[in-house]
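Work through the exercises below with the sequence and coordinates open. Each task is followed by a solution in steps.

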Amino acid sequence: MLFQHVIGQQDIKQRLIQTVAGNRISHAQLFFGYPGAGALPLALAYAQYVHCTNRQPDDSCGECPSCKKHEKMVHPDAHFAYPVVLSKDVRVSTHVIPKWREAVLNEPYLTLDNWLDVLDAESKQPIIAAEESGEILRKLSLTTFEAEYKIMIIWLAERMNVQAANKLLKILEEPPDKTLFLLVTEQEDHLLRTIVSRTQLVRVHRLPDAELAAAVQQKFELSAADAEKIAFQSDGNFASARKLIQEQEQAAQNLTLFQSWMRSCLKYDVAKWMEFLEVFSKGSREEQKQFLTYALELIRECLMWGYAGEQLVRVAGEEKAWLPKFAPFVHVNNGQQLMEQINQAMKHIDRNGSSKIIMLDLSFKINELLHIPNPAKLKA
Ligand SMILES: [Zn+2]
């Protein structure tokens, strides 16, 4: 990763570059970052800069063989340790390294939540266990392959358990020659004091709104106004900004999918149901549940619309514009049952049922329910 690809943080970049230029590289550094402000990207860019064979005054060259390897995270002298969900097959970071590389290359502003998704960890908590410290020692005792320094980046160092931390402490006390530890954490207070005291602190502050806005505008091709709004809501955290944008995109997709599904349910259009089932079943279980939660909300909004028009409606934009068209089909005689059926489907999906079968069944039921006449309409 090049420094220029890290959002803002000019002062830190300069300081890091100067440690290399002035030959003052401290052997253990703790990148303590405000969440989503770039502690991991900075550590990655620093590691690349230390290894670059054609360093420029303000960044790595991006061209030398070392930079090329860093850009793919395959430099033989750059090692990584990060929390994993322990199992029979997974004991240390190396056991899931393809996933790690893909996750970080895809999104250097990686969050623990992103990583849990990649690991498919559900509710299990990933940790850095004692075996990992042994592995760290083993990797660092190898002679360097290509570079002057061996670099070990430990991401979410606060997730080391006590045994791992104590073992690491011993290594930090007597570091092998020409090794560089870059510990990355968002919760410095969860680290052993003895570890913190043996590292040099690199404090990564929240991103100023203007810098964050400029970055999201460019990265996600937003208008300046939208980018400013997102930045304002994200509180200096790039990962939060990215999540908000993804949620907005997801909501737009959910609306389109929900609309076409309801249309097909009204018409008993089985061919369209099949198309819907294909799209729906491609989503992860979590995404499927999110879609159904969204469907529940819209059904509730339709009921509110029927009771009181737009006064009680909470949605806005395209969703609100669509309500008058669909709301007349949802009313006192079927609203409750529609919601119950959707809730049931969500429970079945949660229990690992086949999403296609569950949703086909739900589509039949919704078709029936939507054809119960609206009593308000009958009166009129
Ligand atoms: Zn280079």
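Domain bounds here come from an automatic or database domain assignment. The model is a predicted one, in which local features need pLDDT of at least 70, side-chain atom pairs count only at pLDDT 80 or more, and totals for chains, interfaces and linings use all residues. Residue numbers start from 1 along each chain as its sequence is written.

**Exercise 1. Overall layout**

Task: State into which domains the protein chain is divided, and how far apart the C-alpha centres of domain 1 and domain 3 lie.

Solution. 
Step 1. The division gives domain 1 (3-205), domain 2 (209-236) and domain 3 (240-379).
Step 2. Between the C-alpha centres of domain 1 and domain 3 there are 44 Å.
Step 3. Taken along the principal axes, the box filled by the C-alpha atoms of the protein chain is roughly 85 × 50 × 40 Å.
Step 4. Helices (H or I, at least four residues) and strands (E, at least two) are DSSP runs, numbered from the N terminus. The protein chain has 17 helices and five strands.
Step 5. Two residues are in contact if their C-beta atoms, placed from the backbone, lie within 7 Å. Of the contacts in the protein chain between residues at least 6 apart in sequence, 72% join residues at least 24 apart.

**Exercise 2. Burial of two residues**

Task: Decide whether Phe-258 and Lys-150 are buried or exposed, and list what each touches.

Solution. 
Step 1. The criterion counts other C-beta atoms, placed from the backbone, within 10 Å of a residue's own: 20 or more is buried, 12 or fewer is exposed, and anything in between is partly exposed.
Step 2. Phe-258 lies in helix α11 (residues 238-267). Phe-258 is buried because it has 21 C-beta neighbours inside 10 Å.
Step 3. Leaving out residues up to four places away in sequence, Phe-258 touches Tyr-294, Ala-295 and Leu-298.
Step 4. Lys-150 is placed in strand β3 (residues 150-155). Its 24 C-beta neighbours inside 10 Å make Lys-150 buried.
Step 5. With residues up to four places away in sequence again left out, Lys-150 touches Asp-77, Leu-140, Thr-144, Lys-178 and Thr-179. The C-alpha atoms of Lys-150 and Thr-179 are separated by 4.7 Å, although the two residues are 29 residues apart along the chain.
Step 6. For the whole protein chain, buried residues make up 36% of the 380 residues.

**Exercise 3. Packing of α11 with α12**

Task: Classify the orientation of α11 and α12 and give the residues that make the contact.

Solution. 
Step 1. Axes are lines fitted to C-alpha atoms, for helices over the stretch in contact, and angles run from 0 to 180 degrees between N-to-C directions. The axes of α11 and helix α12 (residues 270-282) come within 9 Å and cross at roughly 150 degrees.
Step 2. Angles under 35 degrees count as roughly parallel, over 145 as roughly antiparallel, 65 to 115 as roughly perpendicular and the rest as oblique. The pair α11 and α12 is therefore roughly antiparallel.
Step 3. A crossing is left-handed if the near helix is turned anticlockwise from the far one by less than a right angle, and right-handed if clockwise. For α11 and α12 the crossing is left-handed.
Step 4. Leu-257, Ser-260, Trp-261 and Ser-264 of α11 make the contact with Lys-272, Trp-273, Phe-276 and Val-279 of α12.
Step 5. Ala, Val, Leu, Ile, Met, Phe, Trp, Tyr, Cys and Pro count as nonpolar, Asp, Glu, Lys and Arg as charged, and the others, Gly among them, as polar. The α11 and α12 contact residues divide into five nonpolar, two polar and one charged.

**Exercise 4. Positive phi**

Task: Locate Asn-23 and give its phi.

Solution. 
Step 1. Asn-23 lies in the loop between α1 (10-21) and β1 (28-33).
Step 2. Its phi is near 55 degrees, a positive value in a residue other than glycine.
Step 3. Most residues other than glycine have a negative phi.
Step 4. Asn-23 counts as exposed because it has 6 C-beta neighbours inside 10 Å.
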